[in-house]
2 protein chains.
Amino acid sequence: MFLAMAKHMKWAEGFIAVDWGTTNRRAYRIDSSGACQDEFEDSNGVLSIAPTGFGDAVGQIRERLGAHPMLLAGMIGSNRGWKEAPYVPCPAGLDDLAGKLVWAGDQEAIVPGVSYVGDTRADVMRGEEVQLLGAVASKLVGPDALVCHPGTHNKWAQLGGGAIRSFRTIMTGELFSLLKDHSILSDLLTGEVEANDTFRSAARYALRNDTLPADLFAVRARVLLGQAEKKDAASYTSGLLIGTDVRIGLSQSPTDEIVVIGRPDLTRLYAAAIAEAGKAVTELGGEKCFLSGIFEIAKRMS
Amino acid sequence: MFLAMAKHMKWAEGFIAVDWGTTNRRAYRIDSSGACQDEFEDSNGVLSIAPTGFGDAVGQIRERLGAHPMLLAGMIGSNRGWKEAPYVPCPAGLDDLAGKLVWAGDQEAIVPGVSYVGDTRADVMRGEEVQLLGAVASKLVGPDALVCHPGTHNKWAQLGGGAIRSFRTIMTGELFSLLKDHSILSDLLTGEVEANDTFRSAARYALRNDTLPADLFAVRARVLLGQAEKKDAASYTSGLLIGTDVRIGLSQSPTDEIVVIGRPDLTRLYAAAIAEAGKAVTELGGEKCFLSGIFEIAKRMS
């Protein structure tokens, strides 16, 4: 398969896969069986690199992982990245992504993101699609599941026949960061967020109420009036945000199979909130899903 | 009446009223008839003054407006202000505020804020109460109206018998500022917010949907996918936030009389969103309501 991969590449020796986000990047050297032989992560995200600096940034990766062809996914394909890879519209499967790769160099291909345009709304993703479809390809997720992918911008994706049929982004992680770093709640949100009783109680409240911008101010009022302790405010606020997120996410799908893919510290919180909604949920690590997905795309290159 | 006002004051010569907020303050010299004879505004809000600096800060006001006794309202009575004035619980009228003044000096009295504690939530206000009750006292607002007071933290107050019976704070202004100054939407939100068709359309959407944290991300997706123009993003985002705010505010009251009190640039936006909800609404300037309320409190001091 690797001989067919691209123009001038020595694919039989393997390739490098990069999950290149806004603020960091993870690079993996993958052998011809799909196994990861070496990897690293650093903070050279897309926003830290000048528009003319991506050639050098790619060179640094090869210095560490070898002179292999590269498959790049994530914000590297955005209008702030190396070369823009236009979104593939839903429904989007691995064949669609593999068919719309954009070549940034002779040996560097960028995986496109996915767009959704419905009657009343529009949405975009870049990077999560590789993990979502990789999870399906490796049978970790059924072909018609509802998949949640927490992060700065959480994605709820409805799969159908193994493809992404629709999805919705919810700004939960970024809203929490804004509140923690810059708002009147900042001094209350210094503690750790845990999936404890406070978190679950706030999530239950938000699952049943649609008053988030009021509930957020009440975080402060509750402490001022002695109704809550400052140490609980971070978990409470996270519970309000993630409970709201789960309410919106579950409302779009009758699916019974719900899977959360991502970093364990985040999937744990979402799983707790989904459980409060009375739904069974499975947690999956995002990295193995990415490796599965990017290898599947490499196999389809021809 | 002024002879009875307080310990060591020369009330017959008038007094100084200060609406002292977090980031700025407005001071007024008021004569014995309640008329404003002189005034100024500056950016010496509570947060800009060191805990030991309030005596000097008050002295600066007297240098400009004369050596009169002072009635202070707003965040000056918070735990970040000069001296904490404990909240008066709902229902709260002018008599209740006047009966719980806190003396920061021999000639400086602080008006307390108001708290609300219900079965499922708690809330606080400081400063708006003077305007709300001043509007009632001057017959600009009926005794049982629903009053909206936009600002960094918008307040919806349900009046009853001329008192504040309950209220709810919605973090709308602060959320817009956070998104504008620090979020992934920052580069889209540089334009002016206007009560135009884009604003009204977004407000209508938010009045009928409870998906704000998803709709906010869609602001970016709509532009990326060519479904909306960047120049409209600020009005659209404001429409989403204020529409959500109005949906929550109207849901707590069957009242037909709805009044918006505050700065004209904000009351105009809220009035437009309330109109989209099919309700009649009256706009009032906040300053005259404040002057009415603070004079009514002065009259009650004994």
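In this predicted model, chain A can be laid on chain B by a turn of 180°. The shift along the axis is 0.0 Å. The RMSD of this superposition is 0.0 Å. The two copies are therefore related as by a two-fold rotation axis. The same surface serves both copies. Of the contact residues of chain A, 100% recur in chain B.

The interface itself was examined next. It brings 34 residues of chain A into contact with 34 residues of chain B. Strands and helices both contribute on the side of chain A that touches chain B. Three strands of chain A each supply at least two residues: β8 (114–117), β9 (122–125) and β12 (163–170). Three helices of chain A do likewise: α4 (172–182), α6 (212–224) and α7 (233–251). Helix α6(A) gives the most, with 9 residues. By class, the residues on this side of chain A divide into 18 nonpolar, 9 polar and 7 charged.

Within chain B, an open sheet of 6 strands is present. Its strand order is β3-β2-β1-β4-β7-β6, and the pairing is mixed. The edges are formed by β3 (36–42) and β6 (102–105) of chain B. Each of these edge strands pairs on one side only. From one strand to the next, the twist averages 20°. One of the pairings joins β1 (residues 15–20) to β2 (residues 25–30) of chain B. These two strands run in the antiparallel sense and share 6 bridges. In this pairing, B:I16 stands opposite B:R29 of β2(B).

Two packed helices are described by the angle between their axes and the distance between the axes. Helix α5 (residues 197–208) and helix α8 (residues 264–276) of chain B have axes that come within 9 Å. The axes cross at roughly 55°. An angle from 35 to 65 degrees falls between roughly parallel and roughly perpendicular, so α5(B) is oblique to α8(B). The crossing of the two helices is right-handed. On the α5(B) side, the contact involves B:F199, B:R200, B:A203, B:R204 and B:L207. These residues meet B:L269, B:A272, B:A273 and B:E276 in α8(B). The contact of α5(B) with α8(B) has 6 nonpolar and 3 charged residues, and no polar ones.

Definitions and conventions:
Residues numbered from 1 in each chain as written. Chains lettered and ligands numbered in written order. Predicted model: local features only at pLDDT ≥ 70, side-chain atom pairs only at ≥ 80, totals over all residues. Pairing = 2+ DSSP bridges. Helix = DSSP H or I, 4+ residues; strand = E, 2+ residues; numbered from the N terminus. Axes fitted to C-alpha atoms, helices over the stretch in contact; angles between N-to-C directions. Parallel < 35°, antiparallel > 145°, perpendicular 65-115°, else oblique. Left-handed = near helix turned anticlockwise from the far one by under 90°. Contact = placed C-beta atoms within 7 Å. Nonpolar A, V, L, I, M, F, W, Y, C, P; charged D, E, K, R; others polar. Least-squares fit on C-alpha atoms with pLDDT ≥ 70 in both.
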